[in-house]
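Subject: Structure handover, salt bridges

Hi,

Here is the structure we talked about. Please open it alongside this note.

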Amino acid sequence: MTRWLAILALLFPMGLCQPCASARADDPFRLVPRTILAFYDGTQSPSPRTQRVHRLAEMPLNHLGLTVTYQDIHAPLPDWESLRETRGVLLWLQRDTMPDPAGFLRWAIAGMRRGVRMVVMGTPPFQKDLAQQPVPEALLVEFWGRLGLIPAFDWIRFTHKMKLATLDTEIFNFERSITGVLPPFTTMRSGDPRLRIHLSARRHDDPTTDAILVATGTAGGYAAESYDFYSVHEGEAFIQWYLNPFAFFERGFATGGLPKPDPSTLSNRRVYYSHIDGDGWRNLTNLESENPQDKRYAAELILEKIIRPYPDLPVTVAPIVGDIDPYLLGSSRMMELAGAFFVLPHVEAGSHTITHPLFWEFFDNYHPDDENKYLIHYPKVKNTDFFQRLTYLLDWRNRYRKVQMDTGKWQELLKQASKNPQESAGQEKVVMDYKTPRVYHFGPFNLDHEIQGSIRFIEGLLPPGKRVEIVQWSGDTQPFERALAAAREAGVVNINGGDSRFDRQYPSIAWVSPLGRRVGREWQTYASNSNENTYTELWTSNYFGYKHLLKTINNTETPIRLKPFNIYYHMYSGERIASLFALRHNLDHARTLPLAPVFASHFVKMVRGALDMRLLDDGQGRFRIVERGELETLRFDGATRQAVDFDRSEGVLGQRHYQGSLYVALDGAHERPVVALRAQKPDGRLPAAARPYLVESRWRVWGSDWENNKKSFQYKSKGFGPGEFSWRMPEPGRYAVQWIGVEDPPGILEVATDAEGRLDFSLPALQNRQVDVLIAPIRESG
């Protein structure tokens, strides 16, 4: 060991190299637009959240490395000079008219002249204005012509004599095949030999009757109404895609060769994170205690059965202050319990507000009088004096039943409640249900108290060195713009909403949510998966149901990775044996997988990096990435015959081929990394390189100095669970691995590569404490 330490001490002075200098002013790199401008119908809903683009298209677009901004079809059209970062326009509305279709077409044609791509799906809304006046035919011909199409201006209503003439299996039969009588359509012909026809129909065997239904070309794409996806039930409650939206949008917006920011991956492994909303913190459990007089609370069981036994899997805990604060509805026992969570190194602190708003929109432009009619349904505090509320709390506990928030039990209790709230003389009748705008009422709503106040309170429970990192939205998880701004101004990130499912009950990627949503100038990050509420009929039955989360986990990893591994639940899962079993089932499965566990706030920051990142291209196959925040992964799809060209790259830690894509790990210490690829033979072996590179690791890696040391190098790292690393070394052999931490004693290993130079080793679990790792070849004497 002494010999190894001496070798390493000579090779490396302690401390890591600094990131390389920024690029010169004459940098040849140019901006690559990544924004899609999508139109929505503001008369259908004030927000695009419920409309097709956000529900169905934005997730595939995010996966392709694109971000989406929205424009109301009724609002004035933006000037193209303000849209320099716009790659394309997506028009997918459920209407056939618009206020000024001629103006829109002129605007769209001007954009296409500038190279902006257009994708039209469903019924084109620009054929008539709101007064049913048709648009000039010449404008329609020019618009469609630039997409490579020639409109025949005929509506084929009866299609029983039509059959499919062209069906591109790379695009179609994605989740469902088109069968039976074809839906009606407008006839489109090809006007460009470069147009790729993915689906067309023909009457009998007459090719002169061919009508294009789905196509992509050099300027964008087109998909006729009812040929994009299948739906039944009112409001498109059941959906399966006919066409492959990933392939369709990739061709329509020409993203094939571009690197995609991928926040679902870190250190070339799938990200894992978990977060708990505080709902049901004070609920009594159904588990028997050794002492029948000893009341066990749901949060205590979560801590005992779920949190402490899994120190290798980090979790973010967000209490509701109203359940904790003894001067509200909490107690000293609840305060101590919160402290017991937060003292653990693998627990991150979050906030789930003070009063748990259910309908956030109600509190935008709020006036206290608006809430008066709901006051009878709240667990009121009799004495408004802040320091005397605990007296009322003791009385309230004996008279009213505690219920889970965000659950159907409120509705159940509502049915049981008397219509007359004063039925019992001298006793208030309090029922919490979804008809109240929030769960608790401790006075008029105050946004600063809900966000900053809850953060300040929870931070008073934290050990030194910790702070509240995240707000987890409550209720309908639809915060208004000022609420999102309040979280940002408080210095925290935010999460929740989305409710992704992809399983037998929800058999389509249509129920896999995008990264989040824009609300005015603010951003809300969605949770990657739904919580146990949707698996248990709003917490009324099937309490084991959350174990079926693994169906979604598997389906969003195979055949392509769409989401991280996210376990999101509430404290009320501690009530029952079945729900605790479901949680342990999911956690135990996570332990069997090669994951990169992080806190929820870290994942949110990677999402923001993916959104904010600016991609630059030098025209010679080199991409520079700037303003990426904590995003550390790029993905090149269809890159089995490519590998990283380290001689032309900067700030690249490693690479890994997976599912036909090439994942590239970036060094977080490098502000402006550059990625270039080279051709390589896909022989199933790790790509060769003249320097070491990271294949995968469980811990985050950054600050490598290998650009100065071709064979020996050092880096910084930290993470949860054992530090599993896999490196590809330039030469097979035996290596010394030394790690030195600020709080931990140094350690050293001797590890041998396999025949192709893969070096696998594991460091002891250090609970997210940072270490410097040094690797050097062992040269045999003599």
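Below are the notes on its salt bridges.

This is a predicted model: local features need pLDDT of at least 70, side-chain atom pairs count only at pLDDT 80 or more, and totals for chains, interfaces and linings use all residues. Residues are numbered from 1 along each chain as its sequence is written, and side-chain values use heavy atoms, with hydrogens and water left out.

A salt bridge here is a side-chain nitrogen of Lys or Arg within 4 Å of a carboxyl oxygen of Asp or Glu. The count comes to 44.

Start with Glu-557 and Arg-270. Their closest N and O atoms are 3.3 Å apart. This pair links distant parts of the chain, 287 residues apart. Glu-557 sits in the loop between α13 (549-555) and β25 (565-570), and Arg-270 in strand β18 (residues 269-277). Helices (H or I, at least four residues) and strands (E, at least two) are DSSP runs, numbered from the N terminus. Both Glu-557 and Arg-270 are buried (under 20% relative accessible area; exposed is over 50%, partly exposed in between; 1.4 Å probe, protein chains only).

Next, Asp-637 and Arg-635. Their side chains form a salt bridge at 2.7 Å, N to O. Asp-637 counts as buried because its relative accessibility is 19%. Arg-635 is buried too, at 2%.

Then Lys-305 and Glu-304, which meet at 3.4 Å, N to O. Lys-305 is partly exposed at 31% relative accessibility. Glu-304 is also partly exposed, at 35%.

Finally, a network. Salt bridges link Arg-269, Glu-696, Glu-724, Arg-758 and Asp-760.

Best wishes
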